[in-house]
Amino acid sequence: MKMRAFVLAVPVLLFAAGSYADTTDVKTQSRVLVKKMGKHCVDDPNCFNRYHPAIKPVATAKPGQLLTYETRDALDSDLNVNSVPKDLGAVDLNYVHPLTGPVYIEGAKRGDVLAVTLIDIEPDEYGYTTVVPGFGFLRDRFTEPFIANWKLNHLEAVSDQLPGVRIPFNGFMGTVGVMPGEPEVDAWEARETQLGKAGGVALPPQPTGALPAAVCGPNGSHKDKCLRTIPPRENGGNMDIKQMVVGTTLLLPCFVDGCGLFIGDVHFAQGDGEVAGTAIEMGATVTVRTEIRKGMAAMIKTGPHFEGGSQIKQLEPDRFYATISYPIKKAGEIPPQHKYLGGDKIGPLVNLSEDLTVAARGALNEMIDWLVKTYGWTPVQAYVYASVACDLRIGNVVDVPNYAVSTICPLEHIRK
């Protein structure tokens, strides 16, 4: 039998000179890049750490463009993988938070809403979690400095200070927002000044370390009006909301034309509450896309909104342990969050009425004690784990006087 040869004809696609080498060179989207320059924010014309509408935009972008920000860690620090607790003494909190921007969004006007969809976060290779004396939810219990140094990649974070713990990557923008207008600066400063005079925690404008220096520094044009970035406000800012991960859209009311979108203080991962005062802090490269929703700012009054899909489901633990607590404390104890109210009534009481703060403190302290007993950790190790992985959840705000708060800790991150 005679064999018949078959020839498979393969078409050859010929390209003209200058053709693309591979798909890497094919670009389909317009992008604006806001680069990080210099070692610290003070060296960087694209960086600032106070809020005022006199701060000029450093770039312009159109809605729908990809907008990429190179960001710095929250403390604008020189911390590294070998840092130890005493190194925290060199951190100047006047430089918190170094923010990249602001960026002018073409077509956006005061009264509009800027919808900001998080597209991607590229983490640095190093991050940290700190306990700073006088700061954090349990600052009365944890009075000594501590640092956990984390090695980061797209899969997980590991630290020699928490051996056996692997925290999965769930990055988000700890600080993101838009510039306030003059009316907002005046109103927010007035209410915070009133709180400070009543004995509450309020951070007035502080020109020392303020950037840009020409606007907010000691000789700046608006040095007494530049707001600190530590508290979140109606413009967004330091919200530290772990659910705002890739794929979600943040809705920010615009207070100035162009909105002035800024990003910084990126977190590799965090528990709801960020109880130790920091998450896994890092520098990162963040890509977002914006959309203008005309005239919608009137719908957003007390703070930004955000929307998404299945992202919240993906943040839930596979295995967990939880503690529950109510507004019950020891007689004579005045929690630090209540001291500005005075102790004549609060001090002697064992049961407070409808108090979520005391309930949350109780659930968190109970969880820390459980982690210490179960895993042999020190209390500060358990506190750090709670800050980066465990969630404070409100159970109810109706069962008077004892509202309920839970601390829920995932167990699958602990491998012992």
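Colleague: What joins strand 8 to strand 9?
Modeller: A hairpin does, through three residues. Strands here are DSSP runs of E with at least two residues, helices are runs of H or I with at least four residues, and both are numbered from the N terminus. Keep in mind that this is a predicted model, where local features need pLDDT of at least 70, side-chain atom pairs count only at pLDDT 80 or more, and totals for chains, interfaces and linings use all residues. Residues are numbered from 1 along each chain as its sequence is written, and side-chain values use heavy atoms, with hydrogens and water left out.

Colleague: OK. In which sense do strand 8 and strand 9 pair?
Modeller: Antiparallel, with three bridges between strand 8 (residues 146-152) and strand 9 (residues 156-159). Two strands pair if DSSP finds at least two bridges between them. Trp 150 has Ser 159 in strand 9 as its bridge partner.

Colleague: And what about strand 9 and strand 10, over how many bridges do they pair?
Modeller: Two, again in the antiparallel sense. Ala 157 sits opposite Ile 167 of strand 10 there.

Colleague: Switching to the six-strand sheet: what's the order?
Modeller: The order is 1-4-16-6-13-17, in an open sheet with mixed pairing. Strand 1 (31-34) and strand 17 (305-307) are the edges; each has a single partner strand, so one side of each has no neighbour in the sheet. From one strand to the next, the twist averages 30 degrees. Angles like that run from 0 to 180 degrees between N-to-C directions, and axes are lines fitted to C-alpha atoms, for helices over the stretch in contact.

Colleague: How does strand 1 pair with strand 4, parallel or antiparallel?
Modeller: Parallel, over four bridges, with strand 4 covering residues 66-71. Leu 33 is opposite Thr 68 of strand 4.

Colleague: Helices now. At what angle do helix 4 and helix 5 pack?
Modeller: About 120 degrees, with the axes 9 Å apart. That makes helix 4 oblique to helix 5; under 35 degrees counts as roughly parallel, over 145 as roughly antiparallel, 65 to 115 as roughly perpendicular and the rest as oblique. The crossing of the two, helix 4 and helix 5, is right-handed. A crossing gets that label if the near helix is turned clockwise from the far one by less than a right angle, and left-handed if anticlockwise.

Colleague: Pockets next. How much space lies in the largest pocket?
Modeller: About 1600 Å³. A pocket is an open set of points on a 1 Å grid over the protein atoms alone, where a 1.4 Å probe fits, with protein on both sides within 12 Å along at least five of seven lines; lining residues have an atom within 4 Å of a point. Grid points are joined across faces, edges and corners, and the volume is the space filled by probe spheres set on them.

Colleague: What volume does the second largest pocket have?
Modeller: About 260 Å³. It has 19 lining residues, and Pro 168, Asn 170, Lys 242, Leu 315 and His 413 are the closest to its centre.

Colleague: Last one: which residues does a cis peptide bond join?
Modeller: Gly 101 and Pro 102, with omega about -5 degrees, and Pro 102 is in strand 5. The bond from Val 96 to His 97 is cis too, with omega near -15 degrees.
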